Amino acid sequence: MTDPGQFIARLPKAELHIHIEGSLEPEMMLALAARNEVRLRYGSVEAVRAAYRFTNLQDFLDLYYQGMSVLREEQDFYDLAIAYLRRAAAQNVRHAEIFFDPQGHTERGISFETVIDGLWRALKDAERTLGMTTGLILCFLRHLDEASAERTLDEALPWRDRIIAVGLDSSEKGNPPSKFQHVFRRARDLGFLTVAHAGEEGPPDYVRQALDLLGVRRIDHGNAALREPDLVARLVRDRIPLTVCPLSNVRLCGVPDMAAHPLRKMLQLGLMATVNSDDPAYFGGYVNENFQQAHDALGLTREEIVTLARNSFQAAFCDDAVKQRHLAALDAFVKA
Ligand code: ADE
Ligand code: ZN
């Protein structure tokens, strides 16, 4: 296979950084608004898309929280998740670990049970019908206080076995990982793995705090770590994966354009980078578009692309037998 686009499209891969609410395409947003009689400020798909001009993370988050207001019933969460999983499977995503933001829904009066039942049903259907493996990661909204995160963790406990990890997302600046150290301690004591968004807009110290105070196994984004060689050395030494989201970084103006993205630099430094879509409906592409545009702008080699895919399986929170099966499929693809 000589065409890089074909190679990327067919390459087996895992996606480890996808907010399910960020996969809400404008078409589904309008359809669910009509179904649930939710008033939106947009009258058309074009109007929704035209609003997606962001200059920073907060600009995006304001629209993201508005968008998710159309999600009300268990079936809505099912429809959202199965649509993402079908698209992911079509892009040869063989394993997906999906973030969800329960507080974005419970704060609007939607029960935790409604959210998790719909998502869970979609994940199990995808495993059965699409042959994927999946996992759910509960994210705490860092612009809210730690008491709210604690209550959310309590609400999750009846569904403990449906959740592989907890994470931390939303407005990074001014909301350091230290704000959530108690709830993360409790989550770890309960057996959850932990991850956190860090160094997306915030400083390198937030990456360090995520490691030291939250015990994270992966850093979501992590771009700011490149500003401190000591921190890079630590991430390399401890093989801490970074779930990098190139199109997101471009669209939220973390980098001026794709040619300036540090993805290739990360690999050259020995960092365990992976490629992910973050909020694909808002940022103009799913995982393969992220691979493709990074490839085109940065001149990624085939070897680097394979390394990124291999990293995605190695960084996954699935059990070892499943991981080895995915890695073997990747090796077989590369050999062929
Ligand atoms: N929630 C959804 N997408 C996010 C991002 N890129 N950063 C922080 N929180 C988010
Ligand atoms: Zn994210």
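Tutor: Gladly! Let's begin with the polar contact, a pair of N or O atoms within 3.5 Å; within protein, one atom must be able to donate a hydrogen and the other to accept it, and residues adjacent in sequence count only if both atoms are side-chain atoms. Some ground rules too: this is a predicted model, where local features need pLDDT of at least 70 and side-chain atom pairs count only at pLDDT 80 or more, while totals for chains, interfaces and linings use all residues. Residues are numbered from 1 along each chain as written, chains are lettered from A and ligands numbered from 1 in the order written, and side-chain values use heavy atoms, with hydrogens and water left out.

Student: What makes the link between the side chains of His17 and His19 a polar contact?

Tutor: The separation is 3.4 Å, and the limit is 3.5 Å, so the pair qualifies. His17 also has a polar contact of 2.9 Å with the side chain of Thr243.

Student: Where is His17 found, and why does His17 count as buried?

Tutor: His17 belongs to strand β1, residues 13-19; helices (H or I, at least four residues) and strands (E, at least two) are DSSP runs numbered from the N terminus. Buried means under 20% relative accessible area, exposed means over 50%, and partly exposed lies in between, using a 1.4 Å probe and protein chains only. His17 has 0% relative accessibility, so the label is buried.

Student: What surrounds ligand 1, and how do you know that a residue belongs to that list?

Tutor: A residue is near a molecule if one of its heavy atoms lies within 4 Å of it. The residues around ligand 1 are His19, Leu57, Phe60, Leu61, Tyr64, Asp169, Ser170, His197, Glu200, His221, Asp278 and Asp279. Helix α4 (residues 57-67) gives the largest share of this shell, 4 residues.

Student: How is the shell around ligand 1 divided by class?

Tutor: There are 4 nonpolar, 4 polar and 4 charged residues. Ala, Val, Leu, Ile, Met, Phe, Trp, Tyr, Cys and Pro count as nonpolar, Asp, Glu, Lys and Arg as charged, and the others, Gly among them, as polar.

Student: Which polar side-chain atoms lie beside a nitrogen atom of ligand 1?

Tutor: His19 has one at 3.4 Å from a ligand nitrogen, Glu200 has one at 2.7 Å, and Asp278 has one at 2.7 Å. The protein covers 100% of the 260 Å² of accessible area that ligand 1 has on its own; such areas come from the Shrake-Rupley method with a 1.4 Å probe, and for residues only the protein chains shown count as cover.

Student: Where does ligand 1 sit, and what makes a space a cavity?

Tutor: Ligand 1 sits in the largest cavity. On a 1 Å grid over the protein atoms alone, a cavity is a set of points where a 1.4 Å probe fits but cannot get out. A molecule sits there if more than half of its atoms lie within 2 Å of the grid points.

Student: Why does Gln209 count as buried?

Tutor: Gln209, in helix α10 (residues 204-214), has 15% relative accessibility, so it falls on the buried side.

Student: Why does Phe7 count as buried, and how far is Phe7 from Phe333?

Tutor: Phe7 lies in helix α1, residues 4-10, and its 5% relative accessibility makes it buried. Phe7 and Phe333 are 326 residues apart along the chain, with C-alpha atoms separated by 9.5 Å.

Key:
1 Å grid on protein atoms, 1.4 Å probe; cavity = no way out; pocket = protein on both sides within 12 Å on 5 of 7 lines; lining within 4 Å.
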